[in-house]
Amino acid sequence: MSAKCQSCGMPLSRDPLGGGAEADGSRSRTYCSHCYDNGAFRAPDASFAEFQAHCIEMLVAKRVPRPLAWLMTRGMQRLDRWRGD
């Protein structure tokens, strides 16, 4: 099983940059480049619901049908970033 982003759930093997960037420039093994850059989340103040909606819209923009996009994001709340949110 491939590692996945602990913010959005995308398999890190599908990240075009190979993961988000840490503050020291190294690649994150926890978060993808869509969610994390320079050692911080790209949307630090987003609630889970806001971020899930954002991810659905990004998937729809890539021609994923909306119901499938929702299915792809429904497990996000179990990821490390969202536990307790």
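The legends below walk through several close-up views of this predicted model. Residues carry numbers that start from 1 along each chain as its sequence is written, and side-chain values rest on heavy atoms, with hydrogens and water left out. As the model is predicted, local features need pLDDT of at least 70 and side-chain atom pairs count only at pLDDT 80 or more, while totals for chains, interfaces and linings use all residues.

**View 1. Helices α1 and α2 pack against each other.** Here you meet helix α1 (residues 48-61) and helix α2 (residues 66-73); helices are DSSP runs of H or I with at least four residues, strands are runs of E with at least two, and both are numbered from the N terminus. Their axes lie 9 Å apart at an angle of about 135°. Axes are lines fitted to C-alpha atoms, for helices over the stretch in contact, and angles run from 0 to 180 degrees between N-to-C directions. The two helices are therefore oblique to each other (under 35 degrees counts as roughly parallel, over 145 as roughly antiparallel, 65 to 115 as roughly perpendicular and the rest as oblique). The crossing of α1 past α2 is right-handed, a term used if the near helix is turned clockwise from the far one by less than a right angle, with left-handed for anticlockwise.

**View 2. The residues where α1 meets α2.** From α1 come Q52, C55, I56, E57, L59 and V60, and from α2 come R66, A69, W70, M72 and T73; contact means heavy atoms within 4.5 Å. By class, this contact has seven nonpolar, two polar and two charged residues. Ala, Val, Leu, Ile, Met, Phe, Trp, Tyr, Cys and Pro count as nonpolar, Asp, Glu, Lys and Arg as charged, and the others, Gly among them, as polar. Look also for L68 in helix α2, which is partly exposed at 42% relative accessibility; buried means under 20% relative accessible area, exposed over 50%, and partly exposed in between, with a 1.4 Å probe and protein chains only. L68 and I56 are 12 residues apart along the chain, and their C-alpha atoms are separated by 9.0 Å.

View 3. Most residues other than glycine have a negative phi. N38 is exposed, at 53% relative accessibility. Leaving out residues up to four places away in sequence, N38 touches A21, E22 and A23.

**View 4. The largest nonpolar core.** Nonpolar side chains tend to be buried together in soluble globular proteins. This core has 15 residues, of which C5, C8, C32, C35, F51, M76 and W82 touch the most other members. A nonpolar core is a set of buried Ala, Val, Leu, Ile, Met, Phe, Trp, Tyr and Cys residues joined through side-chain atoms within 4.5 Å. Beyond its neighbours within four places in sequence, C32 is in contact with C5, C8, M10, L12, D15, G19 and G20.

**View 5. S33 and H34 in the segment before β1.** S33 is buried, at 7% relative accessibility, whereas H34 is partly exposed at 45%. Setting aside neighbours within four places in sequence, S33 contacts D15, L17, G19, G20 and R42. On the same terms, H34 contacts M10, P16 and R42. H34 and M10 are 24 residues apart in sequence and 9.4 Å apart in space, C-alpha to C-alpha.
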